[in-house]
Amino acid sequence: LAAVEVATGQVAKIGQPGIFGQASPSPDMSFILVDRLTRPFSYSVPYYGFARSYEVWDMGGRPVKTLAVLPSDEGVPMNGVPTGPRNAGWQALKPSTLLWAEALDGGDPEKPAAFRDRLMTLASPFDGPPRESLRLQHRYAGALPLASPGLALVSERDWKKRWRTTWLADLDRPGTPPKKTFDFGTQDSYNDPGDPVLTTLGNGERLVLQDKDWIYLEGTGASPRGDHPFLDRPNIKTRGKQRLIQS
């Protein structure tokens, strides 16, 4: 890894070389989350299923915390997920707080379970136990942060029913019941509510574009008459929605 001073072209190497799935700096630029692929490499799964190590480095490349050392995905059940931390990243609007998902069912979608996944957080200096922020009945499918710290649109998917549900959740207040925001079949294009419009902050963080209690959704507007793209403005508190324009 290296940091490049764009104005001068000066390159500063960071840490030891390796094979990295990704590397992302914390919002306060104090740490780097590194997804490092480790040997032995598998001949049975794609590279993104290789054994890996989730590590936190300081900006000089010195190890600070090993979040997890994970084996390859060779033993993962069909349509399942690996056990241990996955989809690790930085929580938005926090200086340096990690956010990741963990399976509660052993990663096996055929195993009966009241909850299949949970979201975990751990703040710097990363020396305490992680905190459970939210449990999900189905498999975690991503989170989009809002402009209010801790609030996020958290999605889960039911692969058998091909169904997706999105919740408005407060990750800073575990135990607070999330509010169902979207609930639809992933193959039902006619009833697809659209995707939240995002905005980029000065430090590169991507957030849901928010105007007080309003957000925006853009979609293809599939219908029996063809596609008619739209822009909607839903209210995250009242659940009301306005259609601003449709082509």
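**View A. Pairing of Gly 219 with strand 23 in the predicted model.** Gly 219 has Phe 230 of strand 23 as its bridge partner. The two strands involved are strand 20, residues 217-219, and strand 23, residues 230-234. They run antiparallel and are joined by three bridges.

**View C. Strand 11 against strand 12.** Strand 11 covers residues 139-145, and strand 12 covers residues 151-158. Five bridges connect these antiparallel strands. In this pairing, Tyr 140 is found opposite Glu 156 of strand 12. The hairpin of strand 11 and strand 12 has five residues between the strands, and Gly 150 there adopts a positive phi near 95°.

**View D. Strand 12 against strand 13.** Strand 13 spans residues 163-170 and runs antiparallel to strand 12, with eight bridges joining the two. Leu 151 has its bridge partner, Asp 170, in strand 13. Four residues lie between the strands in this hairpin, where Arg 162 takes a positive phi near 55°.

**View E. Burial along strand 12.** How many of the eight residues of strand 12 are buried? Six are, which leaves the strand mostly covered. Strand 12 is bridged both to strand 11 and to strand 13.

Key:
Residues are numbered from 1 along each chain as its sequence is written. This is a predicted model: local features need pLDDT of at least 70, side-chain atom pairs count only at pLDDT 80 or more; totals for chains, interfaces and linings use all residues. Side-chain values use heavy atoms; hydrogens and water are left out. Two strands pair if DSSP finds at least two bridges between them. Buried means under 20% relative accessible area, exposed over 50%, partly exposed in between (1.4 Å probe, protein chains only).
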